Amino acid sequence: MPNYIKGIAASDGVAIARAYLLVEPDLSFDNNKVSDVNAEVEKFQNAINTSKIELTKIRNNAEQNLGADKAAIFDAHLLVLDDPELIQPIEEKINNEQVNAPTALTEVTDQFITIFDSMDNEYMKERAADIRDVRKRVLANLLGVELPNPSMIDESVVIIGNDLTPSDTAQLNKEFVQGFVTNIGGRTSHSAIMSRSLEIPAVVGSKTITDEVNQGDMVIVDGLTGEVIVDPTSDEVIAYENKRERFFEDKKELQKLRDEETVTVDGVHAELAANIGTPNDLSGVIENGAEGIGLYRTEFLYMGRDQLPTEDEQFEAYKEVIQSMDGKRVVVRTLDIGGDKELPYLDLPDEMNPFLGYRAIRLCLDQPEIFRPQLRALLRASVYGKLNIMFPMVATIQEFRDAKAILLEEKENLTNEGVDVSDDIEIGIMVEIPSTAALADVFAKEVDFFSIGTNDLIQYTMAADRMSERVSYLYQPYNPAILRLVKQVIEASHKENKWTGMCGEMAGDETAIPILLGLGLDEFSMSASSVLKARRQIKGLSKNEMNELAERAIDCATTEEVEALVREYSK
Ligand code: PEP
Ligand code: MG
């Protein structure tokens with residue numbers, strides 16, 4: 001019998017494949033005494049050997065798919081398995097105390113982890129993390145439990161998980177991962193945003209998917225509607241195969257617009273840019289005919305590794321992006337870590353409300369030793385094309401002034417060192433916090449441009465966590481309160497002859513686009529996969545009519561009224 005589950009549509013497209021469960025396995029065990037200690041030691045040694053074979057495979061796979069620096073993490077894990085100072089005490093414990101292997105493994109590794117964790121030394125803390133990881137694998141092998149490992153997937157699957165972290169998502173191999181479904185998250189969770197840049201169909205916030213699916217079940221994911229079918233009938237499989245075919249045909253049709261300008265029927269140009277997370281996303285930007293990059297989320301450069309990227313590593317990445325865009329504008333956002341984007345090696349404090357806490361520009365101003373190398377790398381890369389720099393999560397004008405002062409200081413330092421830096425870098429901010437939107441007229445006098453980050457602006461204005469499927473009904477991009485803030489920011493910038501872009505997901509939203517056009521938004525930056533659809537839509541709209549629509553939308557009382565109005569103007 002098919003099982004129908006509804007979640008939040010996160011990334012367009014249809015996937016049909018077997019389920020791959022990415023869930024934490026049950027590694028509980030009894031601490032029974034053993035009578036045959038030799039057999040128990042042998043069992044332990046076998047588990048170590050199997051773990052080594054698995055880790056070597058994972059390591060080689062990672063080197064091939066993700067590069068040598070990512071593979072180095074697994075080299076460190078292999079060293080742990082070869083460390084007699086760790087292995088011998090475990091065997092001695094089994095021999096002397098007749099405890100079973102899982103107990104001996106856990107007790108001995110616990111001692112090491114406690115010691116390393118308590119040291120005030122990043123390197124030692126990382127060793128504790130390595131031991132934790134390795135212990136999990138050995139324990140799984142002792143208990144005969146299989147650990148999920150997305151980087152080893154080598155057949156078509158739909159990933160099923162409670163949530164996917166941004167770094168899990170970054171490691172998905174597009175060749176095999178057809179789609180994914182999660183219990184938690186909303187349309188603007190970072191895993192959802194990344195699934196759109198990877199063009200992997202996805203449904204998030206399904207609440208129960210991990211309880212409804214078994215490993216290997218057939219699953220259909222409809223990323224257009226948010227529907228998921230587990231164990232579909234053969235008729236349903238055929239119907240969705242057809243839907244997938246139509247989706248691909250439409251994409252092909254859209255390709256014809258790739259080199260066209262985005263101009264309304266009455267001749268007004270709208271700039272369509274793309275959001276990227278890594279240089280790997282550049283091919284999507286070019287294939288989808290984006291006119292620039294409106295948001296480069298640099299934090300992904302800092303993820304999936306065990307230390308900060310160096311200034312030179314960053315320089316190479318920024319240079320590649322700026323150079324590939326061939327003179328088109330590239331807006332790079334400085335490090336926006338915190339919230340749902342963690343960096344284990346930074347050891348950030350645990351907070352009650354991480355989205356309201358120590359993150360982004362707050363952290364960068366507090367830890368200039370992290371901020372300055374990024375700014376230097378950006379400034380050095382600026383000579384390879386058209387670079388704009390913007391700061392994330394700016395709440396006060398002082399934060400902007402401080403960040404800009406550091407940037408200018410680094411520029412001067414580089415010039416004194418004889419390094420070339422472009423004189424054409426615009427410096428702007430993300431408008432993601434209501435205080436900044438409210439004070440847009442003041443900011444507009446000092447910044448070169450605004451980029452409205454609606455993903456956060458909506459959550460902070462509506463006090464509705466963007467990650468929570470339970471309050472997703474309050475996460476309302478078309479709420480007139482949001483539209484008024486957007487209008488205010490655009491008008492404030494125009495008054496000072498500055499420009500405003502939008503890089504939140506709202507910029508690529510079919511219902512929002514007509515209103516944003518009417519409000520005078522200068523640049524729409526979205527997932528690359530949405531650019532051509534937006535172009536087709538805008539080419540069918542009249543700027544004049546959208547001005548009228550926007551004026552009326554601002555005066556609406558509810559989201560539903562705004563949606564009805566957009567429908568009226570779309571006829
Ligand atoms: C935003 O908040 O709208 C934004 C673009 O930034 P992020 O989604 O990375 O928080
Ligand atoms: Mg944001």
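This is a predicted model: local features need pLDDT of at least 70, side-chain atom pairs count only at pLDDT 80 or more; totals for chains, interfaces and linings use all residues.

Me: How many salt bridges does the structure hold?

Reply: A salt bridge is counted when a side-chain nitrogen of Lys or Arg lies within 4 Å of a carboxyl oxygen of Asp or Glu. By that criterion, the structure holds 39 salt bridges. One of them joins the side chains of Lys533 and Asp12, with an N to O distance of 3.1 Å. Lys533 belongs to helix α20 (residues 531–539), while Asp12 sits in the loop between β2 (8–11) and β3 (14–22), so this pair ties together parts that are 521 residues apart in sequence.

Me: Are Lys533 and Asp12 buried, partly exposed or exposed, and why?

Reply: Between the limits of 20% for buried and 50% for exposed, a residue is called partly exposed. Lys533 counts as partly exposed because its relative accessibility is 33%. Asp12 is also partly exposed, at 36%.

Me: Which residue of helix α20 pairs with Glu260, and what parts does that pair tie together?

Reply: The partner is Lys539, whose side chain meets that of Glu260 in a salt bridge of 2.8 Å, N to O. Glu260 lies in the loop between α9 and β9 (271–276) and Lys539 in helix α20, so the pair ties together parts that are 279 residues apart in sequence. Glu260 is partly exposed, with a relative accessible area of 36%, and Lys539 is partly exposed at 28%.

Me: How many residues of helix α17 are buried?

Reply: A residue is called buried when its relative accessible area is under 20%. Helix α17 (residues 454–462) is mostly covered, with eight of its nine residues buried. Among them are Leu457, Ile458, Tyr460 and Met462, as well as Asn455 and Asp456. Just after this helix, Ala463 adopts a positive phi of about 50°.

Me: Is Ser422 buried or exposed, and where is Ser422 found?

Reply: Ser422 counts as buried because its relative accessible area is 14%. The residue is found in the loop between α14 (397–416) and β13 (426–431). Its C-alpha atom is separated by 8.5 Å from that of Lys386, 36 residues apart along the chain.

Me: Which residues form the negative surface patch?

Reply: Asp266, Glu545, Glu548, Glu551 and Asp555 form the negative patch. Asp555 occupies the loop between α21 (543–554) and α22 (559–570). With 63% relative accessibility, Asp555 counts as exposed, because the cut-off for that class is over 50%.

Me: Where does UniProt place a domain, and what is the chain like over those residues?

Reply: An unreviewed UniProt entry places the feature "domain: PEP-utilising enzyme C-terminal" at residues 251–540. Over these residues the chain is 41% helix and 14% strand, and the end C-alpha atoms are 18 Å apart.

Conventions. Residues are numbered from 1 along each chain as its sequence is written. Chains are lettered from A and ligands numbered from 1 in the order in which they are written. Side-chain values use heavy atoms; hydrogens and water are left out. Patches are made of residues with over 30% relative accessible area and no salt bridge: like charges are joined within 9 Å, nonpolar side chains (Val, Leu, Ile, Met, Phe, Trp, Tyr) within 5 Å. Accessible areas come from the Shrake-Rupley method with a 1.4 Å probe; for residues, only the protein chains shown count as cover. Lys and Arg count as positive and Asp and Glu as negative; His and the chain ends are not counted. The place of a charge is taken as NZ of Lys, CZ of Arg, CG of Asp or CD of Glu. Helices (H or I, at least four residues) and strands (E, at least two) are DSSP runs, numbered from the N terminus. Buried means under 20% relative accessible area, exposed over 50%, partly exposed in between (1.4 Å probe, protein chains only). UniProt positions are given in the numbering used here, feature names are shortened, and annotations may be inferred rather than shown by experiment.
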